[in-house]
Amino acid sequence: MEEIPQDPTRYDHNQIELKWHERWNNDPNLYKAAADSTRPKYYVLEMLPYPSGSLHIGHLRNYAIGDALARYMWMKGYNVLHPMGWDAFGLPAENAAIKNGRQPYEWTKANIAEMKRQHRRMGFSYDWDLEITTCEPEYYRWNQWFFLKMLERGLAYRKNALVNWCPECGTVLANEQVVDGCCWRHETTQVEQRSLEQWFLKITAYADELLRAIDEKLEGHWPDRVLSMQRNWIGKSVGSEIDFKLENTGEPIRVFTTRVDTIYGATCVILAPEHPLTAKLLDEAGRARAKQMIDSRASKGPGDIDKDGHFTGHYAINPYSGEKVPIWIGNFVLMGYGTGAIMAVPAHDERDFEFCTTYGIPIRPVIRPVNGALDENPKAALTEDGVVERSGEFSGLPSAEARARMNKKAESESFGKAAVTYRIKDWGISRQRYWGTPIPVIHCPKDGVVPVPEKDLPVILPVDVQLTGKGRSPLADVASFVNVKCPKCGGDARRESDTMDTFVDSSWYFYRYCDPKNSQAPFDSKKIAYWFPIDQYIGGVEHAILHLIYSRFFTKVMRDIGVISNDEPAARLFTQGMVIKDGAKMSKNKGNVVSADEMIDRFGADTGRVFELFAAPPEKDMDWTDAGAEGSYRFLSRVFRFVVRNAGRRPEGDPLADRRALRKLHQTIRKVTEDFDNRWHFNTSIAALMELINTLYEEEAGLSGGALHQILPSLALLLGPFAPYLAEELWEQLGHQGPVFRQPWPTYDETLAKEDAADIVLQVNGKVRGRLSVPFGTPEDQLKKLALADPKVQPSIEGKQVVKVIVVPDKLVNIVVK
RNA sequence: GCGGAUAUGGCGGAAUUGGCAGACGCGCUAGAUUCAGGUUCUAGUUCUCGCAAGGGAGUGGAGGUUCAAGUCCUCUUAUCCGCACCA
């Protein structure tokens, strides 16, 4: 197509952006952090993407926020580290491979190339020399290395366990990947429970520290909702474990309770249907009932299960009272929490109350309110602490005191102890799939599980593998991979064919950015000591419990291994809101995706960035609308035209117009600076820039060359973090050299930013009746006099008694009348 | 049920410290520019009574504190998110 000559004052985003894109691309050192710098460091990081194929505008928000911050911090004089990489292992590659007959490696690399092109086209300020790709052996060998270190320390272990199985994925899922009983990737596919030999990482060993550090290190620096989700997920409860004894054999049945003070009110013991003891206690009919409970629980979503119970015909002895109570099984008792067995105290627990009422089990109150009597016939459970009654030697004690003494007794008589239970469970990392990090162990018939020696790392994932998507790892059928010699005895052995959960890859990737090409170690610890913790981590809230808890765990393990010295990966976390289009989150399924390319062609990268930052504060969801994006385009056009047509203006002008324009400029610098430093409300920063340009349009005719000489370069610099292409173009057109983001951030002058006169609001009984323009610092009694005499105020106070006059200097006078 | 958040014009949002509610943008209305459409520029745009000047109401709802409340307190409703029979 013939090139149409453009009006030189038209903002041609394509021409400007392609010109600078070209220049920036040819400068590989543009965004490089200084190796050893005297300047303070700043590590800004956006969560690394999964290379799904191509970027859409929903992805861009995360990067636009991080990029604005990185550029601002550069301008503020920091040594900035701003890297990007690819979370490249995972199921979609494998599924795409099966569907299209392409190898996952090839598919993934092609996607990365495409998305990287889009990233560069957006002009994000990454140092691509630090790029990491988790599916490359140079990266995943260190996954394997960390795994071996954990194995040495007993933090990685293998056990046969009931695990979550997604029939659609054909693999095991971590607890964190099960959402409402369904697979996180297949929202309508019920997760099944299967019993398999699996590798686990012992995150529970760090449960307490993970929880404590939330209060001690993260509170106030990470979003509340993320911390609250993590607290919930770790789910600490402090209580007691107590053995009831089976009536005939004396075999202990251990229960967990947070309310041992109510134990004299226990009227039965209830086992989870999966509890190992049920096989022994139940007859055939009972076992069928247990199985039925398990199955019906699996087929229903959470929360809507009716309580179901079955008497085993057996009894247990309460170790405190010596009382004999029936043993039931109940569908609401969870095998995975506590000990899988509870004592039911219907008088003081709502669930037990419901269960025992249904099955006619006695209800025995043993707690009275501190200032009340024991309710003999409770209509509902009294769940608050109170005073313990009818409890032998403990009667009359407050609940807390009773718990302490009861624990002591249990311990001294060896039938129980104080205990803490966590909801979080160890992290199951085995996946029966191909496209992931091979787990570096060998199964030897003689020596059992033998770790691959460190010198043999990496265990390379073979390419060109026949993929089936069936329920076992395709690697199991690759003879050259699985058939190995045992490192210990040299005999024939079999390599582990499961691969690691991809969340292992992303649990420590941000460390690797600091030293991505190191072939001797995961990284040089000295470099980590300089850069860590991450000063600002930015990503979606959907990672609140998966990635963000795993990576905290990894950091603590790495610290204990001795390779790093920080306790937490990120000093500050920011979770941006989603991009909404037509009322829904942008996704391929909904068909409301706007591709980054399409957006750039139409509006330009700068407009896209500005609009995503302007439409809502960054932590809130934002609506993408084309009309809104056009508004941002208009704003950038106005800036462009103003700068271009005023760049070479005459010296003379109207001093008053200059004064007004310069005042607005300094107010704008102050506003934008404060937004960056305090609260990141870039929507108001951009609104301030729009106000500035509106003022400049109003004053344009009167502005002197001298004033413009100050205003125009500042305007280009202020625009730098939000619209880097346009800023760079204007900077050059104004005759300046060097990248905008390497220039010092403009400073503001409070005197210049100050208004000429104070605008005093005059109120009568809190209602605005007039206003007054007076010099700043006008004394209170003067203001009072002026206000009372004001012609706008007069009618409202005439004939009334002035009770009081409130004066807020330089701001307001409120006259109270009767 | 527990935990976290949110509620302001036709729409997205602003009001950072209790002090002029509605900045900025979208949309809309009018006018100018343009052959026309688009673009651009100018003016207007919370609701309501009024020709106007001007008045009244107004930040999910109900109370309260205060000279003054979107902002603080109590209660309440709705929506969103997370967890959910966690003993």
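**Close-up 1. Domains 1 and 2 of chain A in the predicted model.** The C-alpha centres of domain 1 (31-134 + 506-576) and domain 2 (142-202 + 426-503) are 25 Å apart; the bounds come from an automatic or database domain assignment. Contact (heavy atoms within 4.5 Å) involves 36 residues of domain 1 and 32 residues of domain 2. About 2900 Å² is buried between domain 1 and domain 2, with 72% given by carbon and sulfur atoms; buried area is the accessible area (1.4 Å probe) that two parts lose on being put together, summed over both. Phe-89, Glu-94 and Tyr-550 provide 23% of the area that domain 1 buries against domain 2, more than any other three residues.

**Close-up 2. The salt bridge between domain 1 and domain 2.** Glu-94 and Arg-433 form a salt bridge through their side chains (3.0 Å, N to O), the term denoting a side-chain nitrogen of Lys or Arg within 4 Å of a carboxyl oxygen of Asp or Glu. The count between the two domains is 1 salt bridge.

Close-up 3. Of the atoms of RNA strand B within 4 Å of the protein, 63% belong to sugar and phosphate.

Residues are numbered from 1 along each chain as its sequence is written, and chains are lettered from A and ligands numbered from 1 in the order in which they are written. Local features need pLDDT of at least 70, side-chain atom pairs count only at pLDDT 80 or more, and totals for chains, interfaces and linings use all residues, while side-chain values use heavy atoms, with hydrogens and water left out.

Key:
Near = heavy atom within 4 Å.
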